[in-house]
Every structure is written in structure tokens, then in C-alpha cells.
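Let's take a walk through a protein together. Have a look at the sequence and the 3D picture, and then we'll go through them piece by piece.

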Amino acid sequence: SLQWDRNTEADMKEYEVYTCTPNPTCTVQQAAASRVGVVPQPAVGVVPSFPIPAGTEGKIAVSASDTTGNESGLSVPVPFDAKAPLVPVNPRLGP
């Protein structure tokens, strides 16, 4: 999963998560059709995170939105590769 620092502004509402494939760079305009999730602002002390969907590859970026709908620019795109198969759960150890 992807984790980032929590925004501390009082009017912070949520984070928008975008994939940036096949384009090697991300912009809000280009990524609008590539939004893969929304993460609500967590409580103080909780690190925001987003599980990257299995089978996804490319780059991922995050923006922040406030309660009035203003959206920040995107973070630096981070490369990832989630194509590797999931490791099966050991039934003796549990999930």
C-alpha cells in the first residue's frame, strides 16, 4: 500500500489517488480520468494509506482536497508494480 504524511490544515477533507499510466508524468488535468480512489482525512496520529490494486503498474500520485472542493496539485509520481502475485496466507498462521 501507499502511505504519505497527513495534511494538517483544518479544512482538509480527503486525498485523491491517481494512476499515471502510460503517461510518465502526472498532472491533475491528465490524471482526472485515472482516479483510482479517495482516502478520507484520517484522525490525528493516523497515517493515510491506499491499497494499490493487484495487477496495476506504472506511477501513482496523490492530491489533497479541502471542504470547499479545492484540489491541490499532484504529489511527485511514485513508480510501483503490483503485478507480482499475492503471497498465499499460511493456514497455520492465519491472515
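Which residue in β5 is the bridge partner of V17? It's V62. Before we follow that up, a few ground rules. What you see is a predicted model, where local features need pLDDT of at least 70 and side-chain atom pairs count only at pLDDT 80 or more, while totals for chains, interfaces and linings use all residues. Residues are numbered from 1 along each chain as its sequence is written, and side-chain values use heavy atoms, with hydrogens and water left out.

Now for the overall plan. Helices here are DSSP runs of H or I with at least four residues, strands are runs of E with at least two, and the numbering starts from the N terminus. Of the 95 residues in the chain, 33% are buried. Buried means under 20% relative accessible area, exposed means over 50%, and partly exposed lies in between (1.4 Å probe, protein chains only). Let's also look at contacts, meaning heavy atoms within 4.5 Å. Among the contacts in the chain with a separation of 6 or more, 63% are between residues 24 or more positions apart.

Back to the strands. β2 and β5 pair in the antiparallel sense over 7 bridges; for strands to pair, DSSP has to find at least two bridges between them. Besides V17 and V62, you can find M12 of this pairing opposite D66 in β5.

The rule asks for a side-chain nitrogen of Lys or Arg within 4 Å of a carboxyl oxygen of Asp or Glu, and the count comes to 1 salt bridge. Side chains of opposite charge can pair when their charged atoms come close.

Next, look for rings. W4 and Y15 form an edge-to-face aromatic pair, 5.3 Å centre to centre with 70° between the planes. W4 lies in the loop between β1 (2-3) and β2 (12-19), and Y15 in strand β2, 11 residues apart. Rings of Phe, Tyr and Trp (its six-membered ring) pair if their centres lie within 6.5 Å; planes under 30 degrees apart count as stacked, over 60 as edge-to-face and the rest as tilted. Both W4 and Y15 are buried.

Last stop: N70, in the loop between β5 and β6 (78-81). N70 is partly exposed, at 48% relative accessibility. Leaving out residues up to four places away in sequence, N70 touches A64 and S65.
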